[in-house]
Amino acid sequence: MTLGDWIMHMGQQQNLLLWIFGGVPALSLLGFLLPKTVRYQKSTLWVYSIMVHSICIPGTFALALLAYSLFFTRENLLDVNAMVYFLPPLSMALTLFLLRQQINFALVPGFGRLLGLMGLMGLIFLGLLLLNKLFVGIFFGGSIVQLIAIGFGVYLLVRWLWAKLVGKK
């Protein structure tokens, strides 16, 4: 089964997609009924964490799929399945908007790492898009030692950015 086959299969499961991507925002609306003291209890924060992760991971995947289809394969977005391409990101945005009004995301377990993952995926996509759209001629007039030093510098920069994104010190 290829990734394309899986996307087509998910597009055929429209009831499941509606239950998942409509259910999580509906559950987040129930949080407004909870008193503030209950919202910040550890067990409730873990429920919020499960909701955030269950909606952000497929939402981020769908955003990457949408951007890939738009910029790399130049697929006509009028011909794609809206339940697979547009519903997960919209549901993710709505859920995060509703949860942001209820709680502080810094207290949600794992949210910093999830935010780092989403940011890193965005940076990688922008880098790949830049490489795809621009002509990059490879010419290096220096020695091999200079090339290795530049490569090591780029590696250190990526490591530093990764640490910033995931919150490690």
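In which helix does Ser 69 lie? Ser 69 sits in helix H4, where helices (H or I, at least four residues) and strands (E, at least two) are DSSP runs numbered from the N terminus. The model is predicted, so to speak of local features takes a pLDDT of at least 70 and side-chain atom pairs count only at pLDDT 80 or more, while totals for chains, interfaces and linings use all residues. Residues are numbered from 1 along each chain as its sequence is written, and side-chain values use heavy atoms, with hydrogens and water left out.

Overall, the protein chain has 8 helices and 0 strands. Its radius of gyration (taken over C-alpha atoms) is 20 Å, well over the 15 Å that the globule rule (2.2 Å times the number of residues to the power 0.38) gives for 169 residues, so the chain is more spread out than a compact globule. The C-alpha trace spans about 65 × 45 × 25 Å along its principal axes.

Beyond its neighbours within four places in sequence, Ser 69 is in contact (heavy atoms within 4.5 Å) with Arg 74, Glu 75 and Tyr 85.

Ser 49 also belongs to helix H4, which covers residues 42-71, and at 6% relative accessibility Ser 49 counts as buried too. With neighbours within four places set aside, Ser 49 touches Val 108 and Pro 109. Phe 111 is 62 residues away from Ser 49 in sequence, yet their C-alpha atoms are 7.2 Å apart.

Conventions. Buried < 20%, exposed > 50% of the residue type's maximum accessible area, 1.4 Å probe, protein only.
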